[in-house]
Amino acid sequence: MGNHRADHRSPARAVVDTTPSGAARPVGGRRKATRRQSQANPFRKIPAVPTIVGAVAIVAAAGGALGVGGGELQAGQNLALSSGAADSFSGTDAFNFSGADARSVAISRDSSRQALEDAANKQTEAAVEEVAQQRNSELQSLAGLAQKRADQIAKNLWVLPTVGYHLTARFGQSSGLWSRNHTGLDFAAPSGTPIYAIANGVITSTGYDGAYGNKTVETLADGTEIWYCHQSEIGVTVGQKVVQSTQIGRVGSSGNVTGPHVHIEVRPGGGDPVDPYPAFIYHGVTP
Ligand SMILES: [Zn+2]
């Protein structure tokens, strides 16, 4: 077992030098590699524990109080106990340990070191667990946002075709103006008001079309045709790809109208027109 472990670790020994505190350091002094290793293992973040314990034990011995068990100090508490204090002791020679005193100190060091290491390990484990839970929570939150965005794309949300309008004629209304019931939704706005693509698509028809006046047809990804009619100006050409909110023309009074407006038709699959109003609602906007 021991041999197996030694064999197993031998490649690592070939490239690193083990310091007395147990922290591995690369022989070549490549600090970057060492830091990466310590980040990978959070339990390596507490190398100061043995150093502190060592300083406590030595300080206690110097002050004459050898009851160091449990980490309590009877005397010598006026001396600095930071890990940096260990550096100020050049070595144990200066303290003239007798044999019995040295053994007692060594035993106290072992027991208190173990107690502190256990406590530190528990604290570190709790901290790691907390970080893991926090990260898990963040990932769930991100997944939620991604799902929401995916839902929006799937719903294919639309925008309104113009601004500063009021609705003047609904789908299905009858009037002496039309040979049959109204086939679209009318957004009345001053002549020249921009008309915007309500969704991403490609322009499949432009030009004058009798009662419809200047008409642009945009075909959406799902095959639905959107007709924009009565324009004073057409700003796109057939085959042009447009993204939602791109200006494609201007409101006008061309064709059979009583005033400037953009007449919107929605034709699923390029077939018969359906009521645009619920179609807008379905796609997330209220005209
Ligand atoms: Zn109309």
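The four donor atoms around the zinc ion subtend angles of 55 to 161°, which makes the arrangement irregular. Donors here are N, O and S atoms within 2.8 Å of the metal (3.2 Å for Na, K and Ca), and because water is not among the atoms, sites may look incomplete. As for the geometry, four donors count as tetrahedral if all angles lie between 85 and 135 degrees; four count as square planar and six as octahedral if opposite donors are over 155 degrees apart and all others between 65 and 115; anything else is irregular. For reference, ideal angles at a metal are 109.5 degrees for four tetrahedral donors, and 90 or 180 degrees for six octahedral ones.

Before I continue, please note that this is a predicted model, in which local features need pLDDT of at least 70 and side-chain atom pairs count only at pLDDT 80 or more, while totals for chains, interfaces and linings use all residues. Residues are numbered from 1 along each chain as its sequence is written, and side-chain values use heavy atoms, with hydrogens and water left out.

Which protein atoms are the donors of the zinc ion? They are His-182 (NE2), Asp-186 (OD), Asp-186 (OD) and His-263 (ND1), at 1.9 to 2.6 Å from the ion. Along the sequence, these donor residues follow the spacing H-x3-D-x76-H. His-182 lies in the loop between β3 (166-169) and β4 (185-188), and His-263 in strand β12 (residues 261-267), so the pair ties together parts that are 81 residues apart in sequence. Helices (H or I, at least four residues) and strands (E, at least two) are DSSP runs, numbered from the N terminus. Are these two histidines buried or exposed? Both His-182 and His-263 are buried; buried means under 20% relative accessible area, exposed over 50%, and partly exposed in between (1.4 Å probe, protein chains only).

I turn next to the sheets. Strand β12 belongs to an open sheet of seven strands, in the order β3-β4-β12-β8-β7-β6-β10, with antiparallel pairing. Its edge strands are β3 and β10 (241-242), each of which pairs on one side only. Two strands pair if DSSP finds at least two bridges between them.

Within this sheet, β8 and β12 run antiparallel and are joined by five bridges; Ile-226 has Val-266 in β12 as its bridge partner. On β8 (residues 225-231) itself, seven of its seven residues are buried. Strand β7 (residues 214-220) is also joined to β8 by five bridges, again antiparallel, and Val-217 is partnered by Trp-227 in β8. The hairpin of β7 and β8 has four residues between the strands, and in it Gly-223 takes a positive phi near 95°.

Three bridges connect β5 to β11 (residues 247-250), and Tyr-196 stands opposite Gln-247 in β11.

How many salt bridges does the model contain? The count is three, where a salt bridge is a side-chain nitrogen of Lys or Arg within 4 Å of a carboxyl oxygen of Asp or Glu. In general, side chains of opposite charge can pair when their charged atoms come close.

One of these joins Arg-250 and Glu-233, at 3.6 Å from N to O. This pair links distant parts of the chain, since Arg-250 is in strand β11 and Glu-233 in strand β9, 17 residues apart. Arg-250 is partly exposed at 28% relative accessible area, and Glu-233 is partly exposed at 42%.

Arg-267 and Glu-265 form another salt bridge, at 2.9 Å from N to O. Arg-267 is buried, at 9%, and Glu-265 is buried as well, at 0%.

In the salt bridge of Lys-215 with Asp-209, the closest N and O atoms are 2.8 Å apart. Here Lys-215 is buried, with a relative accessible area of 8%, whereas Asp-209 is partly exposed at 30%.

Ile-281 is partly exposed, at 40% relative accessible area. The C-alpha atoms of Ile-281 and Trp-158 are 8.9 Å apart, although 123 residues separate the two along the chain.
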